[in-house]
Amino acid sequence: MRFNFDLEETKPEPSRSATPKDEVEWVPLQHHPVFSSTSSAGPSHQPTDSPPLRNLLTWDGASRLYFWDSDELCLHRISVRLGEPEPTSVSAASPSKVLKPDVKLNFDVNKISINSNGTAMLLYGSDGLCIMYLYGRTSSRDGTTICRTVTVGPEIYMSGTNVIRILQVSWHPCSDTHVGILSSDSVFRLFHLSSDLIQPEQAYYLQPVQPGRSRNATSICPMDFSFGGDHLWDCFSVFIMFSDGSIYILCPIVPFGSVYKWESIVDIYNDAQTFGLKSPNSTAVSNSNLAISWLEATFPEIAGQTDGADLSVIKARPYALFDASLLLQGPLRKVSRGEDEANLAFRGAECEGRAVSFLYNLVSKDSILVTAWSGGQLQIDALADEIQPVWNVGCPPRLRVDSHDNIHGLAMICESTPDKLSIVKLDQPLDSTLWLGHPPPLLRLAIVDLALPKKTGSDSLIMMFIDPLMLERIYTLHDGGIDSIVLHYLPFTSQTSGKNETMRTPSVHPVLSTCQGEFSSQSPLSGFVSLSDSFGYSWVVAVTSYQECIVLEMKTLNLLLPLHVDTEKKSILLEEPKEKDTSDIIISKELLGGPKVVLVPQTSPNLRSVSADSIEGRSMLHEYFKLFHENYVEYAHKVYFELKHHGPHLKRIIDDQHGRLVGAKQRLLQFEEKYSDLEDRITNAVQMQNHLEERLKRLRNLPGVHKKPLSTAERDFKSQLDQFSGVELDALRSTVNALSARMRRHTQTPKDNLSNKKKLVSRRKDPVQESQISQLKSCLEKLSLVNSENTKKVKLVESALRSEERSI
């Protein structure tokens, strides 16, 4: 069993961590040395021109905060504890981990973003984009971790002669390796980081039509985009905002290999079959057929739903229609309430300046679209209908395939057709617009004016964030500080909950003000993040340009309730009291307001000195008793009657609370039992871990573990010995055997023959025979030397082989 712990919170081994436990100190986040060390040195980054709005702070959603230092060009990883030591405080581990890229960045980092699993960090600006891998093959130098950093699209965005700027970058919510990039050349690209960093996996060339009031070139420039949420076809949608405030939709866009929920895909598939194929309109049937064929090819398991009934997630396959490209749906228009608004249906909000940022927010059943304008206004709309995919048949895309016809990339031109734009009225049934290819209409919720300070030289820039704890709240980061906007009215959510709520305007609360005068020259904030824990606490963390940290606790309770109650208006809104549910009313408002004020009658000064026994005194006392009885005694009778009447109801409430208390105690007991069992399991697991570590140490001490493999020179020498043993050694042995036989024959010759031969030799003295004998002797000596050397080599080889067999 293997356990992974945070190296900064547990006691690691010295060889695995450069920061032991005794060196870690938990301090309040606002007093962390990363933020307080350079607080008096001035702004960390102060460009000469109008600076862009930066956000150099991000959170992995668990326990780690990341901050990019523009001066040191490094990334600080700070471990945080939410709600410790106090429930409303945030503490951080000091010192922090310093992560540096292994390459030099040739652009200014304006924003950072981390993927959902916390393994890669986006570092991007208007002139470049890099991916910094936080884990993997890194080397530590002087306590700094050097991380592998790669560039995305260097030939597109970072070319020396290229003027393409990066407008917005975002991780895809259903993939940890796909990044969407919107650039100034009106192209939306989707890169697969684990496949290709140079060429995009998908590219969509945006060509919007110019309907409405603006027809100049600047009105059709893209500014921002956002991926959709997990709601029907929204999960396959990309919302693109242009500079004139118009919003377009691309659907469906699916990264190759991304993962989706099985239930969501089944709902989309059944919806297309139920409302599309059974429609009497041929256009709706054709559009739904295209959507169903696309779903079955992208998710093959959806065709046989019984085979994937036990699946929780499903993976998307690479696929694209070969004879159709996506249609750029839009611009989204407002819902018309009458014929007088037909000409205004295509117009955006009457806001100042140009659209600068866009935000998509999914709250329960409502898809909220927020557009920020440079004049300081927020245009908040909700989709009044569901998004449906639309293709432009007859416009084939460009595909990049391999030798097996597998799709590796695609590119298509996305155009907007004016004939798809139609006026939708409130009294029009939604069944008449299903699967007809019309973009969904917008329901205007509110226009919020942030009252930003006037910025000299350029327009105001606004960044928007969603509160992870309460989705109805949206934070805005701008030149004047940070504001909180809470949505009190959600049309579809209120309808599904059965509450007929009236439309209420959003409430705006200033969180942090950084403007000291009427004008503002540059943004004093360079980082923002919203933190939340599982106990319902929420915090806002901001970093100034002087690298100072500000931590603010945010209240989340009662924000969706009315701000105040007017006690003077007594049941004005209760026009039908019979239909009012009185189960929650304990005491009426009249009793809660208290008794009426007793107005003492005006008397002359002479009557104040009369005695109580006189006629005048008795008359005045009688009048006072009458007023007291009419007000206080009657009020007491009403209170007694109300309490007696609501006694059984109060008893039921108390019994209900008592039952809930008993159930809570039972759940606490069950939790304590499970907690003790969990502690026992953890103790057993730790003991098993220690036992396995001891076994591993004993195994490491075995003699066979320390043997090293043969080097390259040793392997070459062994191969040479193998050649000798196979060929030359056998030949030498046969030669030695032949010479030994000849020697034996010479030694077995009789002595007389030898003496005769010696005499004969001495008589004849043949010089040739003597030379041959001497040559033969020398050959024998050489062969004996070679034989001895080969015998030694053979013994060495055999010993090496035996040692190798023992190690194996």
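**Hairpin.** I started with S31 and S32, which form a hairpin with 6 residues between them. This is a predicted model, so I'm reading everything here as such. S31 covers residues 463–466 and S32 covers residues 473–478; the two run antiparallel and are joined by 4 bridges. I then looked up which residue in S32 is the bridge partner of isoleucine 466. That turned out to be isoleucine 474.

**Helix H8.** Next I checked the length of H8, residues 647–700. At 1.5 Å a residue, its 54 residues should span 80 Å, and I get 77 Å between the end C-alpha atoms, so the two agree. Which residues of H8 are buried? My list reads His649, Gly663 and Ala685.

I count 7 cavities of 30 Å³ or more in the structure.

Where does the lining come from? I find that strand S16 (202–207), helix H4 (282–298), strand S22 (324–326) and strand S28 (407–415) each supply at least two of its residues. Sorting the lining of this second largest cavity by residue class, I get 15 nonpolar, 2 polar and 1 charged.

Key: Residues numbered from 1 in each chain as written. Predicted model: local features only at pLDDT ≥ 70, side-chain atom pairs only at ≥ 80, totals over all residues. Heavy atoms only, no water. 1 Å grid on protein atoms, 1.4 Å probe; cavity = no way out; pocket = protein on both sides within 12 Å on 5 of 7 lines; lining within 4 Å. Points joined across faces, edges and corners; volume = space filled by probe spheres on them. Nonpolar A, V, L, I, M, F, W, Y, C, P; charged D, E, K, R; others polar. Pairing = 2+ DSSP bridges. Expected span 1.5 Å × (residues − 1). Buried < 20%, exposed > 50% of the residue type's maximum accessible area, 1.4 Å probe, protein only.
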